[in-house]
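Reader: I have a structure to go through for class. Can we take it a piece at a time?

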Amino acid sequence: MSANRNPGVTRADILVVGGGLAGAAVAYYLARGGADVLLIERGEVNAGASGANSGSIHAQIPLEPFVEQGEGWTCGFAPTIPLMIASIRLWAGLEAELGADLEVALPGGLMVAEDEFQLRILERKAAVERAQGLPVEILSATDLRRIAPYLAPDLVGAAFCELEGKANPQAVAPAFARAAARHGARLMCGVELLGLRGEASGFLAATSSGLIAARRIVNCAGAEAASVAAMVGIELPLRGFPIQVNVTEPVAPLVRHLVYSAGRRLTLKQARSGALLIGGGYPARLDPETGRPVIDPDSVRANLHAAVRTVPALRHAQLLRSWPAIVNGTDVWRPILGEVPRVPGFWLSLFPWLGFSAGPIAAKSVAEALLGREPEVAISDFALGT
């Protein structure tokens, strides 16, 4: 059936698939630039990983792949650091731009070391980061106790990046979506993409609410992005990983920075409410009957142990709840951005593992390219297959 001969088909210049941070932000930047945009989301805006992560705003190279995958991985990932820096600059002004309280705070991030071996690793990593323009300082134990007295007293030092911080993941994507709507974007929730095919004039999408004809598509579907791409014959090296996050009761101000551990899987921060958010990518389980992620008690215990080892006062805080989510990831951790060369008109805005931190700049850069403008940060090196 041809979309051009069917007046019942919904039409848009650009169809955005996915209502997480990436999709809502792409829709906002496109609509602000005057484009005709329609966003579809099979559930509700921010119902996936964008709203279920712990809200860290990262810039430092992740330690686990740096250590385990070595120099080749590091050389491949290092060019993403300027993107992270640009995204944090964007985060700093995002509340004013969107007219929303996102609880953005950028007090800096500390990756702490328990022994001299770990500190040497942090020094090597910091050299790579500084070469890409990221301000990272190696702190001694004395320096660490001075700026973060809440940390365990036997830690030997840390890598400190002044740019890092946090935001409220439950607020960000909805704020982008509201701003997109104010600029004329159409948002359709509860609409599942069932099929997609290329046509002479663009693409025809079959959805649970009928057909949508669009000249261009932006795939922002997160952990489901590979399935969307496969509909037009594109193979994405991306899959979903079930992870989980923990949150405590509100406590008095304690943890000022974004805290990581060099020896344990841990991210830790304190929300404005006083709640402590404890994460680090610990695996959740997949329910064999539903395929949905469920909490793994072993991961809860290991995550809390790492947190208390790093910030001993946490042992007095009561755990309120834990929740799982499925995040998108790849082995190389590099973003996949821009138009797919062999499928003209099909665009990607994906940042595996670090989509909350880098989502704003990735979305803005992809939108600028779609609008025919030169992106603030070049994305050509992050196209599929490069």
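Reader: How many cavities of 30 Å³ or more does a search of the whole structure find?

Author: The search finds one. A cavity is a set of points on a 1 Å grid, over the protein atoms alone, where a 1.4 Å probe fits but cannot get out. Bear in mind that this is a predicted model: local features need pLDDT of at least 70, side-chain atom pairs count only at pLDDT 80 or more, and totals for chains, interfaces and linings use all residues. Residues are numbered from 1 along each chain as its sequence is written, and side-chain values use heavy atoms, with hydrogens and water left out.

Reader: What volume does the largest cavity have?

Author: About 40 Å³, a volume being the space filled by probe spheres set on the points, which are joined across faces, edges and corners.

Reader: And which element gives the largest share of its lining?

Author: S18, with four residues. Lining residues have an atom within 4 Å of a point. Helix H2 (49-52) and S12 also supply at least two each. Helices (H or I, at least four residues) and strands (E, at least two) are DSSP runs, numbered from the N terminus. Among the lining residues are Ala 49, Ile 243 and Trp 323.

Reader: How does that lining divide by class?

Author: Eight nonpolar, two polar and no charged. Ala, Val, Leu, Ile, Met, Phe, Trp, Tyr, Cys and Pro count as nonpolar, Asp, Glu, Lys and Arg as charged, and the others, Gly among them, as polar.

Reader: OK, sheets. Where does S18 sit in the strand order?

Author: At the end of S5-S6-S4-S13-S14-S15-S12-S18, an open sheet of eight strands with mixed pairing. Strands pair if DSSP finds at least two bridges between them. S18 and strand S5 (136-140) are the edge strands, each pairing on one side only.

Reader: Which way do S4 and S6 run, parallel or antiparallel?

Author: Antiparallel, with five bridges joining residues 109-113 of S4 to residues 157-161 of S6. Leu 110 stands opposite Phe 160 in S6.

Reader: Switching to helices. At what angle do H1 and H11 pack?

Author: About 35°, with their axes 8 Å apart. Axes are lines fitted to C-alpha atoms, for helices over the stretch in contact, and angles run from 0 to 180 degrees between N-to-C directions. Contact means heavy atoms within 4.5 Å.

Reader: Which residues make the contact?

Author: Tyr 29 and Leu 30 of H1 are among them, as are Phe 356 and Ala 363 of H11. By class, the contact has 11 nonpolar, two polar and two charged residues.

How values were computed: On a 1 Å grid over the protein atoms alone, a cavity is a set of points where a 1.4 Å probe fits but cannot get out, and a pocket is an open set with protein on both sides within 12 Å along at least five of seven lines; lining residues have an atom within 4 Å of a point.
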